[in-house]
Amino acid sequence: MKCRYCSREAIEIINGKAYCEEHFSKYFLGKVRSIIDKFNIKGEIAVALSGGKDSAACLHALHSMGMEVKPFYINLRIPSYSEACEKKAAQLCDMLGYEMKVIDVAEYGISLEKERKPCSTCGTVKRYLMNKFAFDEKCTCVATGHNLSDAVTFAFNNLANVNILNFRGNKPYLEGKEEYRMVAKVKPLYWLKDKECMLYTIINNLPFAEEECPYSINAPTLKIKDWLHALEGEWPNIMVNLAKSFWRLEEMMEKETNINICKKCGFASYGSICKFCKIRAKMEKQEK
Ligand SMILES: [Zn+2]
Ligand SMILES: [Zn+2]
């Protein structure tokens with residue numbers, strides 16, 4: 001099949017339209033651009049790297065659009081996995097000419113090994129440290145590699161677990177709040193599916209870790225994702241529509257939530273002490 005824009009061979013079909021390599025890249029960057037423009041993103045962006053394909057695509061896309069970026073990696077000390085991921089993230093930064101900052105959770109006395117629900121603790125720790133990094137570095141926002149598949153999967157997983165409050169923070173852009181030391185967050189890949197991010201990473205020869213996190217193997221979210229992608233095959237654009245619906249729901253809910261300042265660390269919190277400080281306190285106790 002030929003590309004719909006030129007005479008070259010197509011490499012991908014999206015919503016019934018065929019794209020060659022070059023026009024696929026244009027399509028991809030156009031989707032990223034639409035998020036950057038809509039939310040008027042500028043200044044220095046802290047880009048969270050996980051070592052995986054999505055954050056690699058995210059950094060590369062922002063870099064090739066000429067945005068000012070500061071990549072960083074959070075080492076979660078997950079045996080063998082974290083090291084492999086850090087290596088790929090560092091290779092990517094070398095390739096694009098950036099210095100990569102590394103944040104080590106061990107410096108905060110945190111370890112996921114003894115956790116009963118490591119994924120939930122990991123999520124809290126990552127969100128906290130990403131925000132702290134961007135705040136300390138005076139960046140205008142944090143960019144993560146969350147894509148369309150992640151956003152819709154996350155929302156369905158919360159529905160499946162009656163976790164409606166967790167809908168917060170899933171939309172493509174969250175405004176910063178200076179008084180709560182909350183830095184704005186953006187998901188530049190919000191309109192792009194897993195497969196598209198993978199293709200972009202491969203076309204651009206970006207290094208990425210193929211290992212899955214040992215804690216996420218057999219996670220129900222992987223099944224939800226497969227189900228959504230199968231559905232999308234029969235009903236093109238359903239994922240974009242779902243994401244838009246969840247986004248609206250989140251905005252309706254936001255009007256009702258209160259934020260406080262954590263008494264221990266001074267960053268934003270829903271209770272009087274934030275979840276991150278609670279995790280630290282619990283782990284300190286375990287040490288003794
Ligand atoms: Zn083309
Ligand atoms: Zn705190």
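Reader: Which residue in E4 stands opposite Val 47?

Author: In this predicted model, Val 47 faces Pro 71 in E4.

Reader: How do you know that strand E3 and strand E4 pair, and in which sense?

Author: Pairing requires at least two bridges. Strand E3 (residues 44-49) and strand E4 (residues 68-75) share six bridges, in the parallel sense.

Reader: In what order do the strands of the open sheet run, and what makes E5 and E7 its edge strands?

Author: The six strands follow the order E5-E4-E3-E6-E8-E7, with mixed pairing. Strand E5 (101-104) and strand E7 (173-174) each pair on one side only, and that makes them the edges.

Reader: Which helices lie across E3 and E4, and at what angles do they run?

Author: Helix H2 (residues 53-64) lies across E3, E4 and strand E6 (141-143), at about 155 degrees to E3. Helix H3 (residues 81-96) lies across E3, E4 and E5, and its angle to E4 is about 165 degrees.

Reader: What describes the packing of helix H5 and helix H7?

Author: Helix H5 (residues 148-160) and helix H7 (residues 220-234) have axes 9 Å apart, at an angle of about 120 degrees. H5 passes H7 in a right-handed crossing. Residues in the contact include Val 152 and Phe 156 of H5, and Ile 224, Lys 225 and Leu 228 of H7.

Reader: Why is one residue in the contact of H5 with H7 called charged?

Author: By class, the contact has five nonpolar, five polar and one charged residues. Lys 225 of H7 belongs to the contact, and Lys counts as charged together with Asp, Glu and Arg. Lys 225 is therefore the charged residue.

Methods. Residues are numbered from 1 along each chain as its sequence is written. Chains are lettered from A and ligands numbered from 1 in the order in which they are written. This is a predicted model: local features need pLDDT of at least 70, side-chain atom pairs count only at pLDDT 80 or more; totals for chains, interfaces and linings use all residues. Helices (H or I, at least four residues) and strands (E, at least two) are DSSP runs, numbered from the N terminus. Two residues are in contact if their C-beta atoms, placed from the backbone, lie within 7 Å. Axes are lines fitted to C-alpha atoms, for helices over the stretch in contact, and angles run from 0 to 180 degrees between N-to-C directions. A crossing is left-handed if the near helix is turned anticlockwise from the far one by less than a right angle, and right-handed if clockwise.
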